[in-house]
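Reader: I would like to learn how contacts between chains are read from a model. Could we take it one feature at a time?

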Amino acid sequence: MSFVLDIVTIIAVSAGAFFFLAGTVGLLRFPDTLTRLHALTKADNLGLGLMVLGLLPHAGSLRDGIKLICVWLIVLLAGATVSQLIGYVARREGSRP
Amino acid sequence: MTFASMAFGSMTFALALEIVLAAVVLTGAVWAIAARETLPAVAGFVAYGLLLSLVWVHLGAPDVALTEAAIGSGLTGALLVGAAARLRLSEVPMAVEHPGVILRMPAAVLSVTVAAALAASVLLLPDPAPTLAPSAAENAAATSLGNPVTNVLMAFRAMDTLLEKIVLLLALIGVWSLAPDRFWGGRPGPRHYADPQGVLAFVARVLPPVGIIVGIYILWTSADHPGGAFQGGTILAAMWLLVMMAGLTDAPPVGERRLRLLLLAGPVVFLVIGLSGLAFGDAFLAYPMAYAKPLILAIEFAMILTIAVTLGLLVAGPPEREPGS
Amino acid sequence: MSAATVFGLCAAVAVGLGLYGVITNPQPLRKVLAFNLIGSGVFTFFGVVARRGAAAGFGGDPIPQALVITGIVVAFSATALAIALLLRLFQATGSATLRADASTSAGSHPSKL
Amino acid sequence: MTEFLTAALGFILAILAVGLVRILRGPGDADRMMAAQLIGTSGIAALLLLGTVSGVPAAVDVALTLALLAAFTSIAFVKKGTARFETDAPGSTEAE
């Protein structure tokens with residue numbers, strides 16, 4: 001059982017790390033602000049979500065597991081809000097390359 | 001040491017990680033100093049604080065990590081951002097004032113010397129290290145609290161914590177006293193406006209309930225696990241400021257009686273319990289053994305409200321609008 | 001070299017950087033920021049001392065840890081006061097410089113500070 | 001398993017460093033804010049990994065605090081950093 005859980009952890013954390021990488025590469029390489037914003041949200045939502053999923057088997061108790069999920073939900077909510085506000089800023093700045 | 005049980009190979013692995021972490025922390029620090037504009041510098045400082053709380057976790061001090069994450073990075077960051085935004089106008093002529101090599105060279109030499117002296121003292125720290133941990137553990141039974149740091153803050157060194165509370169109040173009085181006479185008693189800061197149907201108003205309605213639960217949880221858990229009134233109070237303050245930023249509520253007039261009472265609640269409860277220690281126990285701030293835990297929790301619950309209000313008002317700044325406007 | 005040593009050296013560098021920033025940066029707000037950097041370096045130094053004093057089943061000596069928590073809060077109140085002073089200076093003189101000769105440049109009313 | 005998580009942690013820290021560089025270079029405010037957002041999220045991920053690696057369960061509590069405060073600070077950044085577009089901050093009405 002612990003072997004299966006370890007596999008889950010490795011796959012999920014690796015996938016999460018991949019999305020973080022993808023988000024960062026997008027942030028550095030994508031041509032304009034709004035597409036960069038699109039790349040960023042992938043790191044935020046999926047990257048952290050997969051990390052949390054991968055760490056769940058290592059949570060010491062049910063309470064710790066619930067807290068882990070709460071962390072993700074808070075980041076999700078904040079990320080969605082801040083992305084919208086950034087989009088507004090980007091529109092005001094004009095889409096600089 | 002967490003990694004002591006591992007093989008030598010993993011030991012160097014862990015060391016490599018520590019060096020990477022230290023390097024990233026210092027990147028944030030360099031950039032907080034070197035950035036040309038103030039806002040990016042503040043962003044660097046916030047990132048530095050965030051990374052520093054990782055360092056604190058790694059140093060086995062999650063209580064401090066919580067404080068650094070909440071106050072050192074988050075609230076200080078918000079304070080600096082607000083100030084930077086207001087001072088943006090004055091930034092342009094400032095660039096001219098940049099000091100020349102004549103000032104910079106000695107400053108660099110001095111800084112390097114101080115840093116080298118500190119580094120040397122790190123390397124020369126006595127071995128075995130002096131520690132008060134055993135005596136903190138021996139006396140833990142006196143309060144029946146499981147968290148040694150809460151024990152130190154609320155029982156062994158309670159006087160420090162009481163005085164620190166008073167320092168916070170004095171700082172707030174200092175900030176308020178900077179208001180021009182005609183604004184005295186008025187509301188701090190400008191009134192914020194935002195689209196009531198907008199995304200900011202939405203998040204300011206959804207996030208604070210979660211934050212209030214987390215803040216109280218951080219206080220509640222501090223009896224036996226890392227946490228405390230400061231950390232919890234900071235979260236509450238941040239949520240209050242968020243609601244203000246979204247324009248859903250306004251900062252209270254500083255002359256309001258209810259507000260004054262809230263500001264005094266924590267220190268007064270602390271003082272009353274401390275003085276009753278003088279009457280019923282052995283000394284000022286001595287808790288009777290049987291009631292130590294409930295008394296400490298009572299102080300902490302009174303304190304969390306006071307701390308939240310004080311920190312929020314410190315960020316909001318001095319009154320800037322005439323009373324009744 | 002242990003974790004404590006690595007972060008101790010890191011703390012020393014942070015203090016040096018902060019000191020350099022306090023001296024060389026002309027903007028008062030940046031000086032406040034740099035001063036906070038010095039403070040956090042000193043706190044980290046305390047954390048290293050606490051870590052080395054790990055005993056009795058604790059991850060570190062709780063006394064320096066508690067001192068640092070108090071320190072962080074006091075540093076915050078000092079920062080808040082400094083920034084309020086700075087903003088008042090800006091309001092009163094129209095500029096936020098510490099140079100003596102510049103204080104009357106764009107003054108609206110040299111207020112009683 | 002610890003080695004794997006430590007490696008993942010090192011990787012996330014590297015990403016965070018890249019985000020730092022991005023804020024420094026800009027070019028626009030929006031890019032800086034995005035990088036700050038990325039730093040916040042990857043910092044939280046690093047913290048969760050670190051808590052598991054060094055066996056500090058309270059790291060989750062720190063992550064909760066950080067998530068709330070990061071949300072608050074980013075919103076303050078976006079709102080105050082762009083105060084020149086707004087009308088509610090006296091002293092910040094500079095032209096675009």
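Author: Contact here means heavy atoms within 4.5 Å. This is a predicted model, and with that cut-off the contact between chain D and chain B takes 47 residues from chain D and 60 residues from chain B.

Reader: How much area do chain D and chain B bury between them, and on which atoms?

Author: Buried area is what two parts lose in accessible area on being put together, summed over both. For chain D and chain B the value is about 4,700 Å², with 81% of it on carbon and sulfur atoms.

Reader: How should I read the angle at which the axes of α2 of chain B and α2 of chain D cross?

Author: Angles under 35 degrees count as roughly parallel. The axes of helix α2 (residues 38-58) of chain B and helix α2 (residues 29-53) of chain D come within 10 Å and cross at roughly 5°, and α2(B) and α2(D) are therefore roughly parallel to each other. Among the residues that make the contact are Pro40(B), Ala47(B) and Leu50(B) of α2(B), together with Ile39(D), Gly40(D) and Gly43(D) of α2(D). By class, this contact of α2(B) with α2(D) has nine nonpolar, three polar and one charged residues.

Reader: What do the corresponding values say about chain C and chain B?

Author: In that interface, 79 residues of chain C are in contact with 95 residues of chain B, and the two chains bury about 7,500 Å² between them, 79% of it on carbon and sulfur atoms. Across the interface of chain C and chain B the rule finds zero salt bridges, whereas eight residue pairs are found in polar contact, both at pLDDT 80 or more. On the side of chain C that touches chain B, α1 (3-24), α2 (28-52) and α3 (62-93) of chain C each supply at least two residues, and α3(C) gives the most, with 24 residues. The classes on that side of chain C are 49 nonpolar, 23 polar and seven charged residues.

Reader: How many salt bridges does the structure hold over all chains, and where does Arg86(B) find its partner?

Author: Side chains of opposite charge can pair when their charged atoms come close. The structure holds six salt bridges over all chains, and in one salt bridge the side chains of Arg86(B) and Glu320(B) meet at 3.0 Å, N to O. Arg86(B) lies in helix α3 (residues 62-87) of chain B and Glu320(B) in the segment after α12 (292-316) of chain B, so the pair ties together parts that are 234 residues apart in sequence.

Reader: How many helices and strands does chain B have, and what box do its C-alpha atoms fill?

Author: Chain B has 12 helices and zero strands, and its C-alpha atoms fill a box of roughly 65 × 65 × 40 Å, taken along the principal axes.

Definitions and conventions: Residues are numbered from 1 along each chain as its sequence is written. Chains are lettered from A and ligands numbered from 1 in the order in which they are written. This is a predicted model: local features need pLDDT of at least 70, side-chain atom pairs count only at pLDDT 80 or more; totals for chains, interfaces and linings use all residues. Side-chain values use heavy atoms; hydrogens and water are left out. Buried area is the accessible area (1.4 Å probe) that two parts lose on being put together, summed over both. A salt bridge is a side-chain nitrogen of Lys or Arg within 4 Å of a carboxyl oxygen of Asp or Glu. A polar contact is a pair of N or O atoms within 3.5 Å; within protein, one must be able to donate a hydrogen and the other to accept it, and residues adjacent in sequence count only if both atoms are side-chain atoms. Helices (H or I, at least four residues) and strands (E, at least two) are DSSP runs, numbered from the N terminus. Ala, Val, Leu, Ile, Met, Phe, Trp, Tyr, Cys and Pro count as nonpolar, Asp, Glu, Lys and Arg as charged, and the others, Gly among them, as polar. Axes are lines fitted to C-alpha atoms, for helices over the stretch in contact, and angles run from 0 to 180 degrees between N-to-C directions. Angles under 35 degrees count as roughly parallel, over 145 as roughly antiparallel, 65 to 115 as roughly perpendicular and the rest as oblique.
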